[in-house]
Amino acid sequence: MLTLSRSPKALSSFSPSPPNPFTQTQNHDFKVTTFKLKLNTLCKAVCQTERGLQFETGDAFFRQESATGRDLSVLAASLHKKSNGSLRVLDALCGCGIRSLRYLVEAEADFVVANDGNDNYRTIIVDNLSRVQNGSGDKQRWVVTHLEANRVMSDYYLQKSFFDFIDIDSFGSDSSFLRSAMNALKLGGLLYVTSTDGYSSGGHRPHQSLAAYGAYVRPMPYSNEVGLRMLIGGAAREAAVLGYHITPLFSYYSFHGPVFRVLLRLNRGKLHDSRHYGFIGYCHQCGNSQEFSWDELGQISCTCSNSMVSSSLVVSGPLWTGPLHNAAYLMDMLNLAKQWGWVGNDGKDHLEKLIKLMVDESDPMLPFGYIKLDEMASRAKMNSPPLKTLMNAIHEKGFAVSRSHISTNAIKTNCPMTQCIKISKQLLQMDVV
């Protein structure tokens, strides 16, 4: 939909030469052609299409690269609607409203609150959502509000008007939304939260990660996975304060931004132990990683060191140390994507590849972190074997192994770094022979 009066500046530069009585026809053709060119340029600037839905972005922040994250959330929301019979969604930081539109059309949400603190976006949000007919009263399908995110969630909580699905696409490491979101969410509901703070997950701002998520993060080679675990850990802590616990259904890292997104289910009842909430250690000397519980604080060392305290060992935490995904849930998402025609059966579609990688990462035998082949080759001072060849050899040795959706040239495995190097050397020697 294009309304020229909404963007007069886009056409203000169009000022053709005054008509010449001797070339009036030519000038008319010139003006029509120029107008069409400018019209096409304007359409390309403000009109977008995603999964067949047309919308406008206006001046609102929008990333086409985030389409995969939106695909995942719509699939999850639709599954919730199918299993529970109803779907109330709060898009707390909606931007131009494309996610709200997709929840209405594709997930068939019964009611969506599209909220953005910037009321300058109201026209563009309303125009986009107007593609879905809105009712009134109890039949109302959507509403647009312009409140601070915590305020809108607190208002619905005080009204005891709870949501099945809350989407918070925040910027930076602002975790202040977590408690308000859990208050406004139904038990058993889904919370889709975001962080874009790559500096904290990389261990470069440990005091900021401590303030935001209660985790003191040190530099580690699998920092992008740490970012996901930092976010989940912060949510687990907030849920415990309220007497609940959370279950990660999937965790998604995207390099643009970077963006860390996790889908969590809010469950009744507080866990009375520190299950999956502890500390992660990485040894710079041997390259091995291990998990430490709260009971082991003060006794942390690496097996490669003879001293009681390993100077080569760095520890981050507390973080989420449990599974990042639920394999059965991901398969339900993949089957739904196939029903909708979003993925084919050739395994070449990006979304299909991603979900299948997440399923592989869900193996309960796999620990946290991943091993970069470049790091392994550097430690062993050799070239690394092909990734698939190394994975097959590790599997034959009785270890669990998979690729990582976070890093293309890395593997997740319960095989220690030292053993991976040994296997790699054996493979290279076989090639020489």
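Which residue is the bridge partner of K372 in β15? Hi everyone, let's start there: K372 has A410 as its bridge partner in β15.

Before going on, a word on the model. It is a predicted one, where local features need pLDDT of at least 70, side-chain atom pairs count only at pLDDT 80 or more, and totals for chains, interfaces and linings use all residues. Residues are numbered from 1 along each chain as its sequence is written, and side-chain values use heavy atoms, with hydrogens and water left out.

Back to that bridge. β13 and β15, the latter covering residues 410-413, pair in the antiparallel sense over two bridges. For us, two strands pair if DSSP finds at least two bridges between them. Helices (H or I, at least four residues) and strands (E, at least two) are DSSP runs, numbered from the N terminus. The open sheet here has three strands in the order β13-β15-β14, with antiparallel pairing. β13 (371-372) and β14 (401-403) are at the edges with a single partner strand each, so one side of each has no neighbour in the sheet.

Next, helix α12, residues 373-380: L373, E375, M376, A377 and A380 are buried there. Buried means under 20% relative accessible area, exposed over 50%, and partly exposed in between, with a 1.4 Å probe and protein chains only. Just after α12, K381 takes a positive phi of about 55 degrees.

Now the rings. The structure holds 13 aromatic pairs. Rings of Phe, Tyr and Trp (its six-membered ring) pair if their centres lie within 6.5 Å; planes under 30 degrees apart count as stacked, over 60 as edge-to-face and the rest as tilted. One of the pairs is Y222 with Y282, edge-to-face at 6.2 Å centre to centre and 90 degrees between the planes. These two are 60 residues apart, with Y222 in the loop between α8 (206-213) and α9 (223-241) and Y282 in strand β10 (residues 277-283). Y222 also meets Y370: the ring centres are 6.1 Å apart and the planes stand at 65 degrees, so this pair is edge-to-face. Here 148 residues separate the partners, and Y370 sits in the loop between α11 (350-361) and β13. Why do we call Y222 buried? Because its relative accessible area is 3%. Y370 is buried too, at 5%.

There is also an aromatic cluster, made of Y103, F165, Y192 and F250. R261 lies over the face of Y192, 3.8 Å from the ring centre. R88 has its charged end over the ring of F163, at 5.0 Å from the centre. The criterion for a charge over a ring is NZ of Lys or CZ of Arg within 6 Å of the ring centre and within 35 degrees of the ring normal.

V89 lies in strand β3 (residues 88-91) and is buried, with a relative accessible area of 0%. V89 and Y103 are 14 residues apart in sequence and 7.7 Å apart in space, C-alpha to C-alpha. Neighbours within four places in sequence aside, V89 is in contact (heavy atoms within 4.5 Å) with residues including Y103, F163 and F165.

Last stop: strand β8 (residues 244-254), with nine of its eleven residues buried. β8 pairs with β9 (residues 259-268) in the antiparallel sense over ten bridges, and Y244 stands opposite R268. The two strands form a hairpin with four residues between them, and G257 in the turn has a positive phi of about 120 degrees.
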